[in-house]
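Here is a short briefing to read alongside the model. Have the viewer open as you go through the points below.

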Amino acid sequence: MTGLNAEEKERLRELRKLWGKDYSAKGDESDESDELFTLEKIENSFNILANEYTGALTPRLTMNLRDIAVLRFRRDEAVARGDGMEGKRYGEMIDKIMTAEGLKAGDAKPVENVRVDAIILALENRGAAKNGQLISKPELIKLLKRDKGKYNTSLDVVDAMMMSIINTMRTNNGDEKLDFLPISAQIQDSLG
């Protein structure tokens, strides 16, 4: 290897192992410093993409992001050479991969870390936990009986919602609508 120090040579070996050897800018192996620059550019592009999907990175997504990173490099190289048609072709390939995987540019949302202490705190605020421990089943039933929820909904309203859902399903199946809610679908108040 020419023109590279020991650290750069080792880095080039690692990158070649990861990305392969066919990314040298001039198509030959004579200029390893260009090849190192190219592979680091592809690696950087992949890392930027992968950081957008932190927490949701599966092996399949990783493979697709690696392909997109390589295609972005090739698109940029084609545009730099003045070959707009080839650049457009690479851009279409990128779009095809992203569409097939349901990816959208800038649409990645990191997965939120669930904090157990935040869940326990919320339960304590609602009265369903005390000192970090869940309350007993009889206490929970008493709590649920007292809890009215956000909206005061009577059983008549719930029955009307059930009737609407059932009639929608019947209409979708080509059946006639019902005028009365079947007894089997009526909500029975078991908590008083």
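Of the 192 residues in the protein, 24% are buried. The model is a predicted one, with a mean pLDDT of 77. Its secondary structure consists of seven helices and two strands.

**Overall layout and confidence**
- Starting at the N terminus, the order of elements is α-α-α-α-α-β-β-α-α.
- A pLDDT of 70 or more is reached by 79% of the residues.
- Helix H4 (residues 84–100) has the highest mean pLDDT among the elements, at 87, while helix H1 (residues 6–19) has the lowest, at 77.
- If you look at contacts between residues at least 6 apart in sequence, 43% of them join residues at least 24 apart.

**The nonpolar core**
- In soluble globular proteins, nonpolar side chains tend to be buried together.
- Here, the largest nonpolar core holds 22 residues, and the ones with the most contacts inside it are Trp-19, Ile-42, Phe-46, Leu-65, Ile-68, Ala-69 and Leu-103.
- Two or more residues of this core come from each of H1, helix H2 (32–52), helix H3 (59–81) and H4.
- H3 supplies the largest share of the core, with seven residues.

**How H2 packs on H3**
- Two packed helices are described by the angle between their axes and the distance between the axes.
- For H2 and H3, the angle is about 130° and the axes lie 9 Å apart.
- H2 is therefore oblique to H3.
- On the H2 side, the contact is made by Thr-38, Lys-41, Ile-42, Ser-45, Phe-46, Leu-49 and Ala-50.
- On the H3 side, the residues making the contact include Thr-62, Leu-65, Arg-66, Ile-68, Ala-69 and Val-70, and Arg-72, Phe-73 and Glu-77 also take part.
- The crossing of these two helices, H2 and H3, is right-handed.

**A buried glutamate**
- Glu-43 counts as buried, because its relative accessibility is 13% and the cut-off for buried is under 20%.
- Which residues does Glu-43 touch, leaving aside its neighbours within four places in sequence? The contacts of Glu-43 are with Arg-11, Leu-15, Leu-18 and Trp-19.

Conventions
Residues are numbered from 1 along each chain as its sequence is written. This is a predicted model: local features need pLDDT of at least 70, side-chain atom pairs count only at pLDDT 80 or more; totals for chains, interfaces and linings use all residues. Side-chain values use heavy atoms; hydrogens and water are left out. pLDDT is the predictor's confidence in each residue, from 0 to 100. Helices (H or I, at least four residues) and strands (E, at least two) are DSSP runs, numbered from the N terminus. A nonpolar core is a set of buried Ala, Val, Leu, Ile, Met, Phe, Trp, Tyr and Cys residues joined through side-chain atoms within 4.5 Å. Buried means under 20% relative accessible area, exposed over 50%, partly exposed in between (1.4 Å probe, protein chains only). Axes are lines fitted to C-alpha atoms, for helices over the stretch in contact, and angles run from 0 to 180 degrees between N-to-C directions. Angles under 35 degrees count as roughly parallel, over 145 as roughly antiparallel, 65 to 115 as roughly perpendicular and the rest as oblique. A crossing is left-handed if the near helix is turned anticlockwise from the far one by less than a right angle, and right-handed if clockwise. Contact means heavy atoms within 4.5 Å.
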